[in-house]
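Open the model in a viewer and keep the selection tool at hand. The stops below say what to select next and what is there.

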Amino acid sequence: MDYVEIFDTTLRDGEQVPGCKLDSKTKLIIAEQLDYLGVDVLEAGFPISSPGDFKSVEEISKLVKNARVCGLTRAVKRDIDVAAEAIKHAKRSRIHTGIGTSESHMRYKFNATAEEVLERAVAAVKHAKSYVEDVEFYAEDAGRTDNEFLAKVCEAVIKAGATVLNIPDTTGYCLPDEYGAKMKYLMENVKGIHKARLSCHCHNDLGLATANSIAGVQNGARQIECTINGIGERAGNTSLEEVVMILRQHPNLNLDTRIQAKMLSGISKLVSESMAMPVQPNKAIVGANAFAHSSGIHQDGVIKKRETYEIIDPKDVGVTESSIVLTARSGRAALAYRAKNIGYELNKLQLDKVYEQFLVVADQQKEINDEDLPKIIEASNI
Ligand code: KIV
Ligand code: ZN
């Protein structure tokens, strides 16, 4: 079994979303939980961006016990100086520096030639290296960067001392086989690649961030950058809970993480409530409906044997149990099950009568809860 490192960027790429800004105290609470969760790297912020962010990164660095604390920078000397200062108290630290490498970024953002971008990348890594041993380089918009040039940049920054190469699909453009092929190309064509770790950083503009990250690790990457609940710029980043559970549900991939999955549900709620960013009910792993069954056919199966319609035991991700939701699509098995839970053992004849009455009420309201059930049973005259 090989380990994929989890690089959590909830407090950096996640927190930069409109409306998701957190105060320093809340960031510390979340950072501590992420540390208990078992993330390998915790990107605490972008220290040069504001005095408040600097302070948070500094305090997180003092607090975190196990994870490596990382600060983001552009390929700019002053950014790197400030990040180094912010993370200097961390037990284990990393500077994350980089520059755009796609045609579009080089031409329109930097008005620079490919050679100039390459020089700036190498200079940034060397400068970061003067502060810390562990330097991650990001080739922004790598998803749309020509593979040959990307390999040249990776080779040069490894020579300059980069320990991790982040290959971001910044715009969420790549298809999984394309992103996987990019990782494979780098594994096969970058001299010195064994000295560094390739990292997936995928955005979800086409709903492919998780699939792309998995394709990345299937092709040699050994770090995934992700956020709790998949929050992040625009349509979000790769969702931490999804990649962790995909690797755990597919042991044949021979890849795992060090994440304590039983904490996933709790930390999802903490992040969602702190940021006032609701989780969509049908979100994989942590959505309110992820373990809820409402159609009669599914309910009948789950009541007989949970595995008929669930591939994950809810307890494994910190959810107490699956729920059997009563709606007009529910069948007798679900009704009998829920009635029994609140103390009513119904025989076949009784169940038929109660079911008739149940359907009348269920057609009028979305869901039947435990307060409605006794009234329905009484109204059935059994
Ligand atoms: O999406 C991206 O390219 C980023 C980099 C700054 C790593 O977030
Ligand atoms: Zn990003």
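Begin with the second largest pocket: select N229, G230, A235, Q280 and K283, which lie nearest its centre among the 21 residues of its lining. A pocket here is an open set of points on a 1 Å grid over the protein atoms alone, with protein on both sides within 12 Å along at least five of seven lines, and a lining residue has an atom within 4 Å of a point. The volume of this second largest pocket is about 370 Å³; a volume is the space filled by probe spheres set on the points, which are joined across faces, edges and corners. Its lining has 7 nonpolar, 11 polar and 3 charged residues. In this count Ala, Val, Leu, Ile, Met, Phe, Trp, Tyr, Cys and Pro are nonpolar, Asp, Glu, Lys and Arg are charged, and the others, Gly among them, are polar.

Two notes on the model before the next stop. The model is predicted, with local features needing pLDDT of at least 70 and side-chain atom pairs counting only at pLDDT 80 or more, while totals for chains, interfaces and linings use all residues. Residues are numbered from 1 along each chain as its sequence is written, chains are lettered from A and ligands numbered from 1 in the order in which they are written, and side-chain values use heavy atoms, with hydrogens and water left out.

Next, select R12, L72, K109, Y138 and E140. They lie nearest the centre of the largest pocket, which is lined by 24 residues and has a volume of about 450 Å³. Its lining divides into 8 nonpolar, 8 polar and 8 charged residues. Show the secondary structure as well: α1 (10-14), β5 (93-100), β6 (135-140) and β7 (164-169) each supply at least two lining residues, and β5 gives the most, with 4. Helices (H or I, at least four residues) and strands (E, at least two) are DSSP runs, numbered from the N terminus.

D13 in helix α1 and H201 in strand β8 (residues 197-202) are 188 residues apart, so the pair links distant parts of the chain. D13 is buried (under 20% relative accessible area, with a 1.4 Å probe and protein chains only) at 2%, and H201 is buried at 5%.

Move to ligand 1. The residues around it, with a heavy atom within 4 Å, include H96, N166 and P168. A cavity is a set of grid points where a 1.4 Å probe fits but cannot get out. The volume of this largest cavity is about 30 Å³, and helix α2 (residues 24-37) gives the most to its lining, with 3 residues.

Finish at A276, in the loop between α11 (264-275) and β11 (292-293). Its phi is near 50°, a positive value in a residue other than glycine. A276 is exposed (over 50%) at 63% relative accessibility.
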